[in-house]
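Hello,

Here is the structure for you to look over. My notes follow below it.

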Amino acid sequence: MALLVLAIAGIAALLTAVTVNSADCNQAGSLTRETYLPDGSARPRYFTLYLPPCYEISKQTYPLLILLHGSNADDKQWLRLGFIKALEAAIQSGASPPMIVVLPFGDAIANENYFGGNGYDSLLIDQLDHLQQRYRSDGRTAIGGISRGGFWAYHVGLRFPDRFAAIGGHSPFFDPIHVEPRYNPLELARSQGPDAVMRLWLDRGSKDFAADGVDQMHVILSDRGVDHQYVVYGDAGHNEVSWQQHIPAYLAFYSEALDQTPSSRSLAERSAEAGKELWIPAAAFSALQTSISRDQLDGIVAGGFDQRLTLSESAAARLRKLGVELHRATRIVANEDLEGRLWRDKLSFTLLPFDRLRLRLRPLWLDGKPVVDQIDGYPLIFDGGAPNYHPGNLTRITLSGTTAIARQTRTAIDAIGVEAAASGIRDYVAASDFFHLTNEAPLADSCPQFNDKVLGGANSLCMKREHASLFDILNVDVVDLTGNHVNDFGYDAFEDTLMLFEEAGTKVVGGGRSRDDARKPLILSHNGNTIAWLACNAVGPYYALVNEDPNALGGPRPGAAFCDRAWLEDDLPVLASQNDLVLLTVHYQEFESYTPTAQQRADFRTFAEWGADVVIGTAEHKPMTFEFYRTRRGETAFIHFGLGNLYFDQSFWGNKRFFLDTLYVYASKLVAVELFPGVIDNRARPRLLTGDDQFNFLHFMLIQQNGF
């Protein structure tokens, strides 16, 4: 009882601080502490009530906002954070509609996992009924909460979606095993669909201990096609300091949600606008092929038998409905068995709608060329029906490994010319929307002669100015400057190299004149997709890394961004919340191995846990293995530990073989990764591997090394 008296006294002090005792509607609204008696209960429940200006002297109805406190807090938490003060100012300025705000006191029951008649959920619904009868509510209701209160807001809101216009979760605590599935918000979210009209908000800090659950909810809603706002605040934790800083954002969300009727236009309806139904050949990511022939596809469409074709039941039925006469002996399997069958048979392939692509399946080419580049005259594209492909929703990014036009590669290109050096990959990389090149060798006018500014000793790399035209011929869009040789010929050479790319309009990532420049994310906005790209160097040497500290070894200098873990842990989740895809390219320790060390595997997985959807090693001189890593938030990250050399003078079997990875980002989602397996001829001309050479390389990498 003594504690209760103290709590009430504390609330009274807060009320005095924000209430203006005036009937003038230009003054503040009223703030009081009230009680109500739930049905069937002998114990009254407390709540703090805010009524907007003019409420007592008008007959107007108002929207209703219910805000729930966190664990071990009470109904003054939202007052302490300044929400009512911010709302008062917003109402006076016209930025927020006048509204009734209710701050329930959950007491001990809010920390108990009881549901139904004796649970906090029943009390909240009962209280909502009481409020709507007692006060002039117009029927528009939003509910939100902090931490444990965020759990209850999503629990009640998702269970009773017809009662609420919006749900807000501010560092909400979700966990798959916290409560049984039928009451767990994470499971309740799986029943939502793209037609859901409630506005949904999720936020957390980058250092928030509730991060895993918030991220899982975001992934579930995204997979279900449910529109929602998801925000990660950098350098923020699970505490009132963070929540107080973001009260303006919370208020803006609730104000907008209660000021107008949410659009009922679903994500599915928007994505189906103007498009065609495209079917493409695909195989398991582990398949030992990259392409089928046009004759092969035409034969299937004409009713011929192909022993390597496997279709799912739904795909076969749909193709027949579209007029494709499948051979009666075509292998058809249950929908849920298709992926497993393809992974077991490395020479089999399937046909599937474009929107059914997923990471563990790989799009196959047609006659050695991507299908999306030869749509005209393609036999498996249909007007009308179920549109699933529009070119204006696709972004392709091709990534490459180490390029150093230095030493014997420089000599070889002198002999054959830059046109010949580009000819083996030019057509393929030109088809992508963005081609990335990892440039190790700085531009140096003295190259290949050393001078007194050389920092890399006898292993220093440099590029001749006339060879820079190779980048123009290949139409390089993004240059990665994280290499450990970027300052070999001194800092002026790095500046000259950077200026070369800037004057050409080429984007750079991972390096710059200052630390902020080097760490700055490259944001690619293309065809409605936003990709955030960070790049960093994990190993040095020190003189290759950008530095602004005059007391540090080597003094201030331009260079590559170091893979500082505090920076990445803070920035990756923020970028993930703001963009459709987060890509991290890493200059990691170089190993003469096709498989990662335990430390490299752990580091790349950690980057994925922090928010990177794709993690690529760009410095390894041998091509390395792949991983589809399932994060704690429930997403699958694509990890490629090393692409291998693209232009480099190592001539060993493994060191002159490489992969180009092409990311397919469609309608804001990474749907597939296409592989271009290649070899470097004579240290200077990378090209596509074909025939037995391609088969043997894929078998070596995917089966023998990767264990797929």
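**T585 and the cores**

T585 is buried, at a relative accessible area of 0%. Buried means under 20% relative accessible area, exposed means over 50%, and partly exposed lies in between, with a 1.4 Å probe and protein chains only.

A word on the source. This is a predicted model, in which local features need pLDDT of at least 70 and side-chain atom pairs count only at pLDDT 80 or more, while totals for chains, interfaces and linings use all residues. Residues are numbered from 1 along each chain as its sequence is written, and side-chain values use heavy atoms, with hydrogens and water left out.

T585 sits in strand 26 (residues 581-587). Strands (E, at least two residues) and helices (H or I, at least four) are DSSP runs, numbered from the N terminus. Neighbours within four places in sequence aside, T585 contacts L399, D480, W533, L534, A535, C536, I616 and T618. Contact means heavy atoms within 4.5 Å.

W533 turns up again in the largest nonpolar core, which has 76 residues. W533, L278, L351, F354, Y378, L380 and L663 touch the most other members. A nonpolar core is a set of buried Ala, Val, Leu, Ile, Met, Phe, Trp, Tyr and Cys residues joined through side-chain atoms within 4.5 Å.

**Helix pairs**

Helix 4 (residues 120-134) packs on helix 5 (residues 148-159) at about 65°, with the axes 10 Å apart. That makes the two roughly perpendicular. Angles of 65 to 115 degrees count as such, under 35 as roughly parallel, over 145 as roughly antiparallel and the rest as oblique. Axes are lines fitted to C-alpha atoms, for helices over the stretch in contact, and angles run from 0 to 180 degrees between N-to-C directions. Y120, D121, L124 and I125 of helix 4 meet W152, H155, V156 and R159 of helix 5.

Helix 3 (residues 83-93) and helix 9 (residues 247-259) pack at about 55°, axes 10 Å apart. Helix 3 is therefore oblique to helix 9. F83, A86, L87 and A90 of helix 3 touch I247, L251 and Y254 of helix 9.

Helix 20 (residues 565-578) and helix 21 (residues 598-610) cross at roughly 40°, their axes within 8 Å. This pair is oblique too.

**Backbone points**

Most residues other than glycine have a negative phi, and most peptide bonds are trans. The exceptions to check follow.

- C447 to P448 is a cis peptide bond, omega near 10°. P448 is in the loop between strand 19 (434-439) and helix 17 (469-473).
- G540 to P541 is cis, omega near 10°.
- N475, not a glycine, has a positive phi of about 55°. N475 is partly exposed, at 45% relative accessibility.
- A667 has a positive phi near 50°. A667 is partly exposed, at 39%.

Best wishes
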